[in-house]
Amino acid sequence: MRYQVKFTKIKRGFRALGVALLICNGFTAQAQPGEPAKHRAGIVLEEFLFTKADFPSCHSATIVELLNKELLCTYFGGTHERHPDVEIRLQRKKLDGTWTRPVSVADGIQPDGERLPTWNPVLFQPEGEDLMLYYKVGPNPREWWGEFITSKDNGHTWSEPRKLEGKLLGPIKNKPIQLADGTILSGSSDENDGWKAHIERSTDGGKSWTFIGPLNDGERISAIQPALLTHADGSIQMLSRSNTKGERIAETWSRDGGLTWSEMTYGTLPNNNSGLDAVTLKDGRHLLIYNHSTRSQEGMGHKGRGVLNLAVSKDGKAWEAALVLDYLDEPEKQYSYPSIIQTADGLVHIVYTWHRERIKHVVINPKKLETFPIKDGQWPLENIPLVVSTEQ
């Protein structure tokens, strides 16, 4: 499950020279000038949404394509996670390719004036319905609740916040999916009494929801922040973050439109107790964006979040390595909490946390990906090596 590799200390001066170091099988190799890096195949664009902002920290990005082909990205930003000044920030990628400046679209200010932090926004637009932005409000994940706002004008203006009732929390980190019959499935979870995943299901465009679960007991397997994939036979696959004890991505399957689910098990891919996301492509393949590491693994940066990987599968069971988007083994540095979508033009868009300081956006052409089997949970370093990121 761990990388079988000896990591070599890399001097900072190399980064200043823009030298890419390939770390594989106990040695380092220097990429030749003009030679495409093996971990870059299929990447069309890499950019930051901003380089400077009026808040020092940000995390947990989500992205959606609007009907007018613009992109919206939201995330939470403020002094630091859990600080009362953390608000939901929004940026728009206009058709000319530029991102607008971050603006606040939701905060945790209560009727009595108390200010609470906001968390984990999720953008989603059901077929024929208003654009929806879900997020959490509360002092911590054990006490938070779900709220949402809606927009009729592509996110330029928003409704007043509405609180979700009862056990409903809304999508916890990753986007819902909408099935062919219009049913919406929202992967959600609760951390109040152990980590337990559940489904919130709507058959009326998101106006009302049915709570299904929990889908695990929170003890044998702890799971939160589900991502959902759809398969050609109609089955639905849930992939979830697990805790440090599990160290692998948890999964469960539904064969009846999300009404019932199989017993949750661990898959073969590692998990470092950090968020992941996944998407089913138009061609039927599935993409998973995640940290291919465990939390305590040496050479993998802050809590295993020093590497961000893209894997591909045809059946959701056998996965192949496609890309290493970023890699850096330094304290407190991280690439984490990715969000992934496919837009109408067939390209794939990924946004993720960059060292808790910025949000990075990567565009991929899935037809250009070169993939290699992941055997027994081992990333094929001989084919797609780790390359130290030069953006610091």
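## Strands and their partners

Two strands count as paired if DSSP finds at least two bridges between them. With that in hand, let's look at this predicted model. Strand β11, residues 131–137, and strand β12, residues 145–151, are joined by 7 bridges in the antiparallel sense. Within this pairing, Leu133 faces Ile149 of β12 as its opposite residue.

Both strands belong to an open sheet of 4 strands, ordered β10-β11-β12-β13 with antiparallel pairing. The edges are taken by β10 (118–124) and β13 (162–163); each has a single partner strand, so one side of each has no neighbour in the sheet.

## A covered strand: β6

Is strand β6 (residues 87–93) mostly covered or mostly uncovered? It is mostly covered, with 7 of its 7 residues buried.

Strand β6 has pairings with β5 and with β7 to consider. Strand β5 (residues 71–78) pairs with β6 in the antiparallel sense over 7 bridges, and here Leu71 has Lys93 of β6 as its bridge partner. Strand β7 (residues 103–106) also pairs with β6 in the antiparallel sense, over 3 bridges.

## Aromatic pairs

How many aromatic pairs does a search of the whole structure find? The search finds 7. One of them is formed by Phe48 and Trp354, an edge-to-face pair with 4.9 Å centre to centre and 70° between the planes. This pair links distant parts of the chain: Phe48 sits in strand β3 (residues 43–48) and Trp354 in strand β27 (residues 348–354), 306 residues apart. Phe48 and Trp354 are both buried.

Why is the pair of Phe50 and Phe55 edge-to-face? Their ring centres are 5.7 Å apart and their planes stand at 75°, and planes over 60 degrees apart count as edge-to-face. Phe50 and Phe55 are both buried as well. Together with Tyr75, Phe50 and Phe55 make up one aromatic cluster.

## Charges over rings

Phe48 comes up again here, this time with a charged neighbour. The charged end of Arg358 sits over the ring of Phe48, 4.7 Å from the ring centre.

Another charge lies over a ring at Tyr337: Lys173 is placed over the face of Tyr337, 5.6 Å from the ring centre.

How values were computed:
Residues numbered from 1 in each chain as written. Predicted model: local features only at pLDDT ≥ 70, side-chain atom pairs only at ≥ 80, totals over all residues. Heavy atoms only, no water. Helix = DSSP H or I, 4+ residues; strand = E, 2+ residues; numbered from the N terminus. Phe/Tyr/Trp six-rings, centres within 6.5 Å; stacked < 30°, edge-to-face > 60°. Buried < 20%, exposed > 50% of the residue type's maximum accessible area, 1.4 Å probe, protein only. Lys NZ or Arg CZ within 6 Å of the ring centre and 35° of its normal.
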